[in-house]
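Subject: Structure handover

Hello,

Please find the structure below. My notes on it follow.

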Amino acid sequence: MKRILVIDDAATVRLYHRSILESAGFEVTEAVNGLEALERVAEAPFDLYLVDVNMPKLDGYGFLRELRGKNQLPQAPAIMVSTEAAANDQAQAFLSGANLYQVKPVRPERLLSHVQTLLGMTPTDVGRPS
Amino acid sequence: MNPLLDQFLTEGRDVLQSIGERLLQLEDSPNDAALMDELFRLVHTLKGNSGLFDLPEMTRVLHAAEDLMDAARDGRVPFDRALADRLLEAMDFVATLIDEIAEAPDDTPPSTARHAGDAVRLGEALRSLLQDDSPPLDADGTQEIPQDAPPALYRTDAGPDLSALPEQTRQDLRQRLDAGESLCWLGYEPEEECFFKGEDPFHQMLQLGAPLWHRLEAREDWPALAELDAYRCVLRFEAIVSASPERLAEHFRYVPDQVDILPLSALMQTDTPQASATAIGPEAAWSFDRVLAAQREILALSDTPPWLDGRLRAVAASLSAAFISVDRAIEVETLEPALASALAARSPAPLLAWLDARQPPTEIGEAADIDAGAPTDSSGAKAPEAEAVRFGRRAEDHLTNPRTLKVDQAKIDRLMNLIGEMVVAKNALPYLAGRAEDVFGVRELAREIKTQYAVINRIAEEMQDAIMQVRMMPVSFVFQRFPRLVRDIAHKLGKEVRLVMEGESTEADKNIIEALADPLVHIVRNSLDHGLEMPEERRAAGKPSEGRLNISARQESDRVLIEIADDGRGIDPNRIRRKAYERGLIDETALERLSDQEAINLVFAAGFSTAEQVTDLSGRGVGMDVVRNAIARVNGAIDLRSQLGQGTSLRLSLPLSMAVTNVMIIESAKQRFGVPMDSVAETVRVARHDIRTIKHRRTTVLRGRLVPLLSLNELLALNAEQIPNDDDEFAVLVVRVDQEYLGIIVDDCRETIDIILKPLAGFLGGLNGYAGSALLGDGSVLLVFNPRELL
């Protein structure tokens, strides 16, 4: 089962992402900031990361830089989710190590499609009734 | 309620609370960058959350607030009182909306469209503070909406050019129309100055959901970069969306003059049907393209940070997954060597070459920065079969779960009611044991029942205790609103006040805390309005111009003590005496006789108000008598001390809990009654010959103090003589009412018990002499009287 770490300081957003991902059968773990996310990663790495930008203690950019700096870990894809539709933020996200940049709120079908693609699953298999 | 909405409301309230606190803290230390940062993030979080729902009014205000906080955080706008006031006002508005949504009966958030006017006003008020920061507007920067603007729907001089649509899209549209779907073509030309009005055209378009087709272009040729005015909006949005014209008109209700909406059905008739079969769904193809475009962009980065290896490996992982997802796994075999050489060279070039060989750059990949225009499949995007594959969470997931649960009050109340019934039900066991022995003569069984009762009794008591603990709330629940309240009132009155609060974590039962809220607010208002003087008056009296208001709470045995003290002008007993006399509350003899403390206590008399004029703050005819009664209703006491010129202090003493009432059972006229132990000072036996009649009232002397005596049977009009014991002594219950002691003659005093007191309901509720009733173990009803009202 694919494991996804949802990192966001807003409980509502975490619940939103969790419910979408769990409805598609993913296993979701939550972290409320970058530091806590690193602790979760230290316990066991994940198959995908869904990362908010603005968080206390350690923000999304900082988390990604730390994560990408860990050479002993498998490097799973990361989707950065921000409220800002700014090109500058996307560049910053890519520099820090994100693989995709999305603007909140991400529609459920869109989120699932991206997540499944980044996990090597065919979105039509899981995201839609066959 | 929808759990997501529920979560949103809960978190929203928490965040609003924190925002209020941070704002007030920032007023004290406006240069605290960490605080400012936190405040920005709180507003940002709230805005992000509101974006998950269709709440345009809330989002609009929060967006403006976020922009303002962003500017304040960067020092572009000074953080001052005006800014704090505007933000507080905006947050109040958001709180109102949240309350409204919470009260709505159904699952979906109700339309808050009727607040649109307020939202626009608040948004503009917030943005007006940003003006210094932005380039100057035209002389007439405000938009005028022409009154005779044509109805939003059909300003179609610029109709859609459907020939620009790809063939596949046209087929898709036609199929949807055939299936009865309502499709519209939408043209949106935001006015040039829209950014200064808090409008966000892009967001507005994104909020529509993914269109079936879209095009975004400039309305005029782009000027040279040096001449480009980034603050002017010269874009034209076109989209085909699955929505009714009415819904679109509602969505663009603020900018009806800038939008063209055209139902699509008429435009699509000439097409001929063609079978279209795509290997993968449009959503998947879109994701594949987006992922590849993003990886290409990442690989084009030329920096070499320490985390470059990780970044490259993540890109390779993403590419690999993307190719596998579209059944091109075979091509991934060559990816591993490409990654290896990229890592060796510390350069993305080998990976980029690999990617270009597989998938040359496409227009869509390069052009679409932010994917607003993906194809969509609204017919069934949810995953029904996924329901079957739900997996248990792993143990480590629980590490992130909060240690505190938020529980609906109603659930706790229900538990409390149930344990109340349980306590009463278990009280029937001793009675049953008695019957087993006396009526059926089975002593052994009676003994066993009693043993079992002891066990059940212990468990029930522990349960009750545990539930009571759950119901305990800190007084901060009430205190937390004081900083804002004090600040607002002090500003209004032109007074300088320093609020000091202590012991906010002191806990008491939620009923007590809730009952405390209104009286405390009233007391604080009184202190600010009447107690504390104007700064000049204070200086003239040799005090610091800033007044002090202390609010403290602490626990003392089973009582919570709350003290509200100010260092204001104090209460003048002579003025109180005069007022009370003028109002006919006391006669001339009392005027002479009253001690200063007794005079001060007259402020609690009904109909007494010392305000020279009714002010809009603490006036309105509500006096301290209301406060005293409210406190008394939860078995609390209030004590007022004042020193003329020095200040006033009010001390409230409240029980920790009122869920269980300890009562003494008394007998009178062959009936049983309960008296709350709170009001019982002592019980004594008074011999008939020690009762004397003074001024037509029976009295006796207890330890050198004169105590008036009243007969319970007379008070209750029971029409029976009180019965003394064999030694001709009467049982007397000494009760304390407002620092006075009174004796009530009863026939006998019995044991004390814990009961769940239920207020009298229906027309019996008008009987103020009774505090309520309770069920006893044998099933009989005990009436508990309220000495204060009875006497």
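Which residues are exposed on the other side of α12(B)? They are B:A349, B:D356 and B:A357. Before the rest, some conventions. This is a predicted model, in which local features need pLDDT of at least 70 and side-chain atom pairs count only at pLDDT 80 or more, while totals for chains, interfaces and linings use all residues. Residues are numbered from 1 along each chain as its sequence is written, and chains are lettered from A and ligands numbered from 1 in the order in which they are written.

Chain B, helices

A residue is called buried if 20 or more other C-beta atoms lie within 10 Å of its own, exposed if 12 or fewer do, and partly exposed in between, with C-beta atoms placed from the backbone. Helices (H or I, at least four residues) and strands (E, at least two) are DSSP runs, numbered from the N terminus. Helix α12 of chain B covers residues 349-358, and its buried residues are B:L351, B:W354 and B:L355. These lie on the same side of α12(B) because they cover an arc of only 95 degrees around the axis (the arc of the directions from the helix axis to the C-beta atoms).

Another helix of chain B, α9 (residues 282-299), contains B:L292. B:L292 counts as buried because it has 22 C-beta neighbours inside 10 Å. From B:L292 to B:L319 is 27 residues in sequence, and 6.8 Å in space from C-alpha to C-alpha.

Chain B as a whole has 26 helices and 22 strands. Of its 791 residues, 33% count as buried. Two residues are in contact if their C-beta atoms, placed from the backbone, lie within 7 Å. Among the contacts in chain B between residues at least 6 apart in sequence, 69% join residues at least 24 apart.

Chain B, two loop residues

B:A669 is not a glycine, yet has a positive phi of about 50 degrees. B:A669 sits in the loop between β12 (661-668) and β13 (671-676) of chain B, and is partly exposed, with 16 other C-beta atoms within 10 Å. B:N719, also not a glycine, has a positive phi of about 60 degrees. The loop that holds B:N719 runs between α25 (712-715) and β18 (729-737) of chain B. B:N719 counts as exposed because it has 8 C-beta neighbours inside 10 Å.

Chain A, the sheet

Chain A has an open sheet of five strands in the order β2-β1-β3-β4-β5, with parallel pairing (two strands pair if DSSP finds at least two bridges between them). Its edge strands, each pairing on one side only, are β2 (27-31) and β5 (100-103) of chain A. From one strand to the next, the twist averages 20 degrees. Axes here are lines fitted to C-alpha atoms, for helices over the stretch in contact, and angles run from 0 to 180 degrees between N-to-C directions.

Strands β1 (residues 3-7) and β3 (residues 48-52) of chain A run parallel and are joined by four bridges. Helix α3 (residues 60-68) of chain A packs on the sheet and touches β1, β3 and β4 (78-82) of chain A; its direction makes about 150 degrees with that of β3(A).

Where is A:D52? It is in strand β3 of chain A, and is buried, with 28 other C-beta atoms within 10 Å. Not counting residues up to four places away in sequence, A:D52 touches A:I7, A:D8, A:D9, A:V13, A:G60 and A:V81. An unreviewed UniProt entry places the feature "modified residue: 4-aspartylphosphate" at A:D52. UniProt positions are given in the numbering used here, feature names are shortened, and annotations may be inferred rather than shown by experiment.

Regards
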